[in-house]
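Here is a short briefing on one structure.

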Amino acid sequence: MTILDTDDGLESLRTFVTDGEANIPNIYNDPVNIPTIGLGYALVTNSGTTQNPIWVLRGSINQDFQAAGIFDANLGEGLSDADLVVLNQTVVNLNQGAGDDNANLIAQHNWDINTGFNADSSNDLFDAVIVGYESILVNRLESQANLADGVGQTLFDGQPDDTQIALLDLVYNAPTLIGPGLSTALSQDRILDVWFEIRFRSNAPDEDGFRSNGIDNRREEVATKLDLSGVTEAQLATYLADEPRRAVMQAYLDSIRTSNGTIPTDLGTLDELVAAVEVDRAADVEAAIPDPDPDPDPDPDPDPDPDPDPDPDPD
């Protein structure tokens with residue numbers, strides 16, 4: 001059983017994704033020039049790798065919108081020809097290294113798909129597609145960690161709710177983020193290495209060696225979402241004190257830049273980052289402690305009548 005099997009779990013995941021993606025009820029150009037709509041639903045996806053992307057038009061757009069009730073399947077509704085022309089051009093731009101041209105292209109087109117699309121549509125679309133991402137996640141875990149069929153599902157099912165949310169957020173953002181390092185670490189119950197992979201190895205540098213501040217902020221949120229309640233204070237201290245690891249972490253922080261190419265003013269130091277992780281772990285441990293004496297009846301009758309009168313007003 002996973003968080004997607006309950007309404008509360010689905011809502012928790014949707015809320016977390018919304019906090020990171022925003023919920024924009026129209027097509028927009030995302031920070032890496034991908035045409036996107038609603039709650040981070042990418043209309044163009046990467047069929048290659050992070051290092052060698054091959055951009056393609058998402059093949060399930062019409063089916064996904066029909067499943068969400070946005071397009072009427074009975075009427076054969078789908079993307080208009082005009083919208084398809086522009087979307088295909090964004091694909092060409094991305095594959096030719098001209099993704100920056102997508103901003104004006106997307107902004108200037110009068111999108112038919114935006115008609116009637118609202119925040120509720122965005123939530124419905126997310127709910128309709130996210131179940132499929134659990135299957136993508138499981139398949140990535142198995143392929144990247146060389147696990148037998150079925151083991152990936154068991155592995156995912158056994159994770160705490162917050163860790164499931166973090167993993168689903170990653171795969172929803174980009175399936176390639178579930179790579180061999182993360183998958184192997186999770187399969188070997190090395191949760192701190194999972195944290196490290198998300199926090200420091202999921203934000204690829206650009207051609208100049210710099211990394212996105214916006215993506216870094218989101219990776220920090222996702223890494224923080226991981227449940228570290230099974231890690232002791234001593235284990236965390238030893239892990240974060242490792243000098244080669246600290247050198248990688250520091251080099252990563254030194255490479256973060258804003259969209260304007262400047263060093264973020266709110267970028268903390270390595271010591272501040274370490275201190276924040278220690279606080280997060282302590283909070284996870286506290287949250288995992290069960291209530292020792294839950295009250296099944298918070299407001300019982302303190303003094304029930306031991307001898308009620310069955311006929312208070314007899315004739």
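Helix H9 (residues 191–200) packs against helix H11 (residues 233–241) at an angle of about 45°, and their axes lie 11 Å apart. H9 is therefore oblique to H11, as angles under 35 degrees count as roughly parallel, over 145 as roughly antiparallel, 65 to 115 as roughly perpendicular and the rest as oblique. The crossing of H9 and H11 is right-handed.

This is a predicted model: local features need pLDDT of at least 70, side-chain atom pairs count only at pLDDT 80 or more, and totals for chains, interfaces and linings use all residues. Residues are numbered from 1 along each chain as its sequence is written, and side-chain values use heavy atoms, without hydrogens and water.

**Terms for the helices**
- Helices (H or I, at least four residues) and strands (E, at least two) are DSSP runs, numbered from the N terminus.
- Axes are lines fitted to C-alpha atoms, for helices over the stretch in contact, and angles run from 0 to 180 degrees between N-to-C directions.
- A crossing is right-handed if the near helix is turned clockwise from the far one by less than a right angle, and left-handed if anticlockwise.

**Strands**
- Strands E1 (residues 24–29) and E2 (residues 35–38) pair in the antiparallel sense over four bridges; pairing takes at least two bridges found by DSSP.
- Ile 27 has Ile 37 of E2 as its bridge partner.
- Five residues separate E1 and E2 in their hairpin, where Asn 33 takes a positive phi near 70°.
- E2 also pairs with strand E3 (residues 41–42), in the antiparallel sense over two bridges.
- Two residues separate E2 and E3 in their hairpin, where Gly 40 takes a positive phi near 70°.
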